[in-house]
Structure formats: C-alpha cells, structure tokens
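Please go through the model below with the text beside it, turning to each residue as it is named.

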Amino acid sequence: MAFTTGFTLNDWQQHYQQHPDDVLATLSSLLAELSTDDNAWLYLASPAQLRAQVEPLLAAWRQDPAALPLFGVPFAVKDNIDVAGWPTTAACPAFIHQAAVDATVVARLKAAGAVVIGKTNLDQFATGLVGTRSPFGAVQNTFNPDYVSGGSSSGSASVTARGLVGFALGTDTAGSGRVPAGFNNIVGLKPTKGWLSATGVVPACRLNDTISIFALTVEDAFQIASCAGGYDASDAYSRVNPGCAPAALSATPKLAVPANPEFFSDTQAEAAWEKSLTALQACGATLHPIDFSLFHQLADQLYNGPWVAERTVAVGGMLERPDEMDPVVYSIVAKGLQYSAVEAYQAEYLRAELSRQIAQTLSQFDALVVPTSPTIHTINEMKQEPVRYNSQFGTYTNFTNLADLSALALPGPFREEGLPAGITLIAPAWYDRALATFGQRWQASLALPLGATQKPQPATHAALPASPLHVRVAVVGAHLTGMPLNHQLTSRDAVRVEETLTAGCYRLYALANTHPPKPGLAKAASGASIIVELWDIPLARFGEFVAEIPAPLGMGTLELADGRQVKGFICEPAVLAQARDITEFGGWRNWLNRKEIPHV
C-alpha cells in the first residue's frame, strides 16, 4: 500500500510541511492503489475531481498555511452525505441523486484543506448496526473477514481502520458511528446532536441523527469535529454550544457502569469488558455500578415503537418500491405506517420522562462507560438472525441520541480470539471535549496499535485544540485546590489544568481583615514569580464566578513565566499599605504553612 497508510493528522501535517507541492502526487498515488472492487468503497475520486480539489488548496497554502489545518488530508464520506458533483445513494441504487452542493460538514472540511478521496458503503438508509444490509455487499471486519464490520457506517470504519484515509465521516442515530468503531479498533466520536450540521445528509431519523467522525486517535477525531462543527442556520436542528460543560473530566473521574451487563452468553466479550474495567481503574477512575433499566427502556423505544416512523418519513416514496429495497430494511421501515399521531406523541412524552430520569442519574457521575457492543457475530450468523443480532449490537447505543447525550467510542482490550472489543464513554450534551480529554489518557495508557494497521500509538498525543468555550483563570489564594473557596470553581465545573508560575514582576500580599484569609497579587517594578494554579471554567459560568469576587479583589489579566496571558486575580493598590508583603514565600500555600522567621 501507499507509504501514507496509517498516517495520523500529525503525520500528514509533517509530510506536507516538508513537501507542500507534492500533495497532488501523494494523493494520486494513494488513489491509484484504491479500487471499488473493495466494497467498502462505492465511489472513488476521478483524477479530475482530485485535481479540482487540490489546485485551489495549493494557492491558499502559499498565502496562509495556518488557515488550512487539514491541508491535503484525504478523507472518506459515507454515501448518505452529499459531496458536490458526486452521486448519493444511501446504498439504494433506486434512490440515487447527483449532489449539487456539498453537505455543510463536507464544505467546512474542504475549507480547512481536507480532500474527499471517496464515498463509502453503508447499511441501506443507515438502518442497521451490522454492515451487511447493502446491495453492494457486506463489508468485512478488518481483523477477521468472517465477521461483520458493524454498521451502518461500515465502509467509513473499514477504510479508517486500514489507514487508507486520514479520517472518515459516518452518521449515528442508534450507534452507527460507535459500533463499527468498536468492531475495528478505532475511535468513533458521536457528537452532541446539533454540533455538526445535518444539512446535505439523507436523514434516517432527523430528530436523532448526528454526523460522526472515525479516526485513529482521539485528538484527530476531536480536531476534525472542531473543524466541521458549528451552528448552521440552514439546519433546523443545529444548535449553538452554550459553553456550560467542563473542559475535561476529573483526574480521578467517577464513572457509572451497568450493574449487571448483558453479553448474550458471549464470554469473550465479557472477559474483554472486565479487562477494560481494570484498565479504567488504572487510569484513576472509580467505578460505580448503576441500575440500567431506564437506559434499556429508552433504547427499546427507537425500533419497538412509534419512533420507527421517523425512518418511514425519511424513506418516503421508496416504500412503494419494496423490490428495490433491502428486504430487512424494508420490513423495519414499513412498520412506521402502523402508528398513529396519538401514539407518536405518547412516545415523545415517554422519551422525555426517561431522558430526564437518565440525566438525573448521570448527574451524580463524571460519565457513563459501557461496552460499545455486548457481542459480535459472523456475516453468516447475521443471515440467520438479521434483526435479533442487530438488536443485540444496539444494547448500549440505542438510547444515547434519544436522551441527548454525547458519546466517544474507544478501542479497548481485545477479545481472546483477536477481535477488537471497544468501550464507549457517554455524558450529557456538550461534554464532547471532556470525554476526549479522558479518551486521550485511555488511548495512551493502552498503547494499542492504530486500527488494523499494526502501527504503534504516537509517542506523544497532541493537545486538543484550544477551547473558545472556556476561560483559563489563574488562582493564587483561597481558590487553590483544598482551600476554602475552591468550591466556587468546582461547583461551576471548572477543571484544574496545572500549577505554574507568574512572570517575575508580581508581589504577593496577605490582606488584612479578610475572611477567609486572602492574598492580594499586584504587578510591581521589582517582583518575583508567584505560584498559581490554572483552571478552565466554562465560558457561560465565568460571569457567575466573577460576580462573587469581593472588593478589593478583581479579575484582570496575568502574565505567566512562559509568556502566556490568562485571566487572574488582581488587587486594588489602595489596600496594600495595610497588607503584609509575603512575596519571599513564593506562594500563598507556602505562607500558610510557614514557620515564622524574623524580620518578615
């Protein structure tokens, strides 16, 4: 295969920094080695389509490389997402149409420099978690061709796991962006509904659809989502991130787990899960078994009730042509016709009630962790029980979008026979970044090969892109970890980032008549570096935090020893004459723990 096989985003960036003019030759070489005989692909870019994407990028790169963070990175698009000038089939040849414009996410990724290399196979109309319900054939598991790849985003997961692209787009309604990730040892980011626009996507269930990201590493998946996401007025279900979620999970997160997980007699899946629990504890997590009946009840609603009628709406007139649809898909989607509007409203009320109860349960923990799938089956086994086994795969995925949760599927310890068995982190809406921070720690700790490439994990995992939805605040005194006012940070989901030093131009004072005792930090012509802690607080909670700061303290901008500038506590100069200068102690904690010395 091409030398680029298994490239992460960092690999692509380093390659093009050295050879920016080689982008067309590099991608042409990659394309020459791909073939639609591999049924993970439905369409591949023609040389003309490739050139039309690359040539404008070269001109833009020469003007401003920083504006193209994904310069020259090839990606695949699930064939229920529009790419301008390409056909969209949703794996139903009778449904085919030529896309006039790019889906919003595709347009945004192209604008960041990425290049569409091909479109991928899927379970027809994104209805299935198996990867076998396609007239173009079943996509094989990348570790054992006898087994399913998972679906519905089967082709996208397959080409990502084999390292043929830098990343791929899928969709996820019931688990289609997570189950294939789990079955192929890759990362599947199932974003909060509405973060990534669904404009230009053939809907499965519009109220629950999300575009998902497949990548080899967590940081790649999150960077792609950050480039592709954002409010889109053309999508009626697009949302603005309110900036209320934490930037990271706790260093020692409290993770809920199913109390009595179901594995459908699959002892290898159960053993892999037990290994995952041990590994989570090694990462600093504490595990808390919870009753999972609410989650199972909500998961059952997606296919065993009126919610299936959303799929009926999406398929539309194709139901009048059953001979041109996959028979299993048709049998599922046609069931939507039997429900009334009254039953649909009743189903929505039940969904809302169960979702509220689930939210209350999860509020006690940093996140929920589940097996991505409780079992796996061969392609031949799926032919015998296409609906029952598909339902098993969705045991720990079907409820997620109904409950408006974010999710991140991660590689986990393998099964004994050598097949992947992943885990999934689940948390409230907009916790995507927080899940990714723990996902990075998890992926680094396991050090599994990347996908099916046998390439090792990167020696270091790149930091996530800077967050515009959090404010980094330096605290110097009563808000430090373990101090009396630290709760004003933690109660607002602020997360400790690090301990560091200010620039050497500050003086520290113990203020008089403050309760609890507080320091004052002031810039001075002659000063020293003072110990501070940096905390990331959600942007929407920052104003509440600042409102609690009493005079003579306030919030300003501090300079750190490494040149960074962050928000931090400052003090009115008028009160410093009555305060005690404690600069020589280097920090508030040192002052509190001091042994009194003369002449201080």
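The model is a predicted one, in which local features need pLDDT of at least 70 and side-chain atom pairs count only at pLDDT 80 or more, while totals for chains, interfaces and linings use all residues. Residues are numbered from 1 along each chain as its sequence is written, and side-chain values use heavy atoms, with hydrogens and water left out.

Side chains of opposite charge can pair when their charged atoms come close. The structure holds 21 salt bridges, a salt bridge being a side-chain nitrogen of Lys or Arg within 4 Å of a carboxyl oxygen of Asp or Glu. In one of these, the side chains of aspartate 266 and arginine 415 meet at 2.9 Å, N to O. This pair links distant parts of the chain, 149 residues apart, with aspartate 266 in the loop between β9 (254-258) and α8 (267-282) and arginine 415 in the loop between β12 (405-410) and β13 (423-428); helices (H or I, at least four residues) and strands (E, at least two) are DSSP runs, numbered from the N terminus. Aspartate 266 counts as buried at 10% relative accessibility, and arginine 415 is buried too, with a relative accessible area of 9%, where buried means under 20% relative accessible area, exposed over 50%, and partly exposed in between (1.4 Å probe, protein chains only).

Arginine 564 forms a salt bridge with glutamate 498 (3.1 Å, N to O), and this pair also links distant parts of the chain, 66 residues apart, since arginine 564 lies in the loop between β19 (553-559) and β20 (565-571) and glutamate 498 in strand β15 (residues 495-501). Arginine 564 is partly exposed at 28% relative accessibility, and glutamate 498 is partly exposed at 25%. The side chain of arginine 564 also meets that of aspartate 562 in a salt bridge (2.8 Å, N to O).

On a 1 Å grid over the protein atoms alone, a cavity is a set of points where a 1.4 Å probe fits but cannot get out, and lining residues have an atom within 4 Å of a point; grid points are joined across faces, edges and corners, and a volume is the space filled by probe spheres set on the points. By this rule there are six cavities of 30 Å³ or more, and the largest cavity has a volume of about 130 Å³. Its lining consists of 18 residues, of which Ala269, Ser373, Pro420, Ala421 and Gly422 lie nearest the centre. The elements that give two or more residues to this lining are α6 (179-184) and α8, with α8 giving the most, four residues. By class, the lining of the largest cavity has eleven nonpolar, six polar and one charged residues, where Ala, Val, Leu, Ile, Met, Phe, Trp, Tyr, Cys and Pro count as nonpolar, Asp, Glu, Lys and Arg as charged, and the others, Gly among them, as polar.

The second largest cavity holds about 80 Å³ of space, and the residues that line it include Val476, His479, Lys518, Leu553 and Phe569. Strand β17 (residues 519-523) provides the largest share of this lining, three residues, and the lining divides into six nonpolar, three polar and one charged.

Strand β17 also belongs to an open sheet of three strands, which has the order β17-β16-β21 with antiparallel pairing; two strands pair if DSSP finds at least two bridges between them. β17 and β21 (580-581) stand at the edges, each with a single partner strand, so one side of each is left without a neighbour in the sheet. Strand β16 (residues 506-510) pairs with β21 in the antiparallel sense over two bridges, and alanine 510 has arginine 580 of β21 as its bridge partner.

Some backbone details remain. A cis peptide bond joins glycine 151 and serine 152, with omega about 0 degrees, and serine 152 is found in the loop between β5 (115-120) and α5 (154-161). Another cis peptide bond, with omega about 10 degrees, joins alanine 551 and proline 552, and proline 552 has its place in the loop between α18 (539-547) and β19. Alanine 90, although not a glycine, has a positive phi of about 55 degrees; alanine 90 is placed in the loop between β3 (87-88) and β4 (97-98) and is buried, with a relative accessible area of 1%. Phenylalanine 264, in the loop between β9 and α8, has a positive phi near 50 degrees, and phenylalanine 264 is partly exposed, with a relative accessible area of 32%.

Terms used
1 Å grid on protein atoms, 1.4 Å probe; cavity = no way out; pocket = protein on both sides within 12 Å on 5 of 7 lines; lining within 4 Å.
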